[in-house]
Amino acid sequence: MDMGSGAFALVLALALVACVIPAESKCQLSGLWRNEQDSLMEISAVRSNGEFQGKYLTRVTISGGCPRLSPLKGTQQQPGEREWPTFTFTVHWDKFSNATTAFVGQCFVDAGGKETLSTTWLLREAVGSLEEDWKATRVGRNIFTRKRTPKEKILLSLSPSCDNESSPAP
């Protein structure tokens, strides 16, 4: 075997290995995600400028009220080749709480292809005075994993019915 055919064989072997061994894929934010507290979020397609929106269904509430689907809006850094994006989004707890939460995080894909969103959040609850300001902000962490589903936009069907709640007396 001469030097030329050896180099060709090496290039061919490397090309075949690259086709057989999948590279870690890029993490895509869009889709349905579940965290360790069983809360769900559904993120729409990420626009070309990095902006996205979606819905969040928490299983944890401050007020003890019935959780409802709440809107989320966010943005991600535009990932480069083989990078995992950082992102931020806010959730306005619609109709059941006087709080807003801001999440920051990063999307990861492990060697087996499992997608994970690692997030840290700040929850700000409204208080009645500046003297109560010290207790208004909470900090936490959530890990989300992709929930595979056969169809899109199913979060509404998973939302609990709050129609049976008794209305507070006037």
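Valine 109 stands opposite glutamate 115 in strand β7, where strands are DSSP runs of E with at least two residues, numbered from the N terminus. This is a predicted model in which local features need pLDDT of at least 70, side-chain atom pairs count only at pLDDT 80 or more, and totals for chains, interfaces and linings use all residues. Residues are numbered from 1 along each chain as its sequence is written, and side-chain values use heavy atoms, with hydrogens and water left out.

Strand β6 (residues 99-109) pairs with β7 in the antiparallel sense over 11 bridges, two strands being paired if DSSP finds at least two bridges between them. Together β6 and β7 make a hairpin with 5 residues between them, and glycine 113 in the turn has a positive phi of about 90°. Strand β7 itself, spanning residues 115-125, is mostly covered, since 8 of its 11 residues are buried (buried means under 20% relative accessible area, exposed over 50% and partly exposed in between, with a 1.4 Å probe and protein chains only).

From β7 the reader can move on to strand β8 (residues 137-146), which pairs with β7 in the antiparallel sense over 9 bridges. Leucine 117 stands opposite phenylalanine 144 in β8, and threonine 119 has asparagine 142 in β8 as its bridge partner. Strand β8 is also joined by 3 bridges to strand β1 (residues 31-35), the two running antiparallel, and tryptophan 33 stands opposite arginine 146 in β8.

Because phenylalanine 103 lies in strand β6 and phenylalanine 144 in strand β8, the pair ties together parts that are 41 residues apart in sequence. Phenylalanine 103 is buried at a relative accessible area of 2%, and phenylalanine 144 counts as buried at 0% relative accessibility. Ring pairs link Phe52, Tyr56, Phe87, Phe89, Trp93, Phe103 and Phe144 into a cluster.

Definitions and conventions
Helix = DSSP H or I, 4+ residues; strand = E, 2+ residues; numbered from the N terminus. Phe/Tyr/Trp six-rings, centres within 6.5 Å; stacked < 30°, edge-to-face > 60°.
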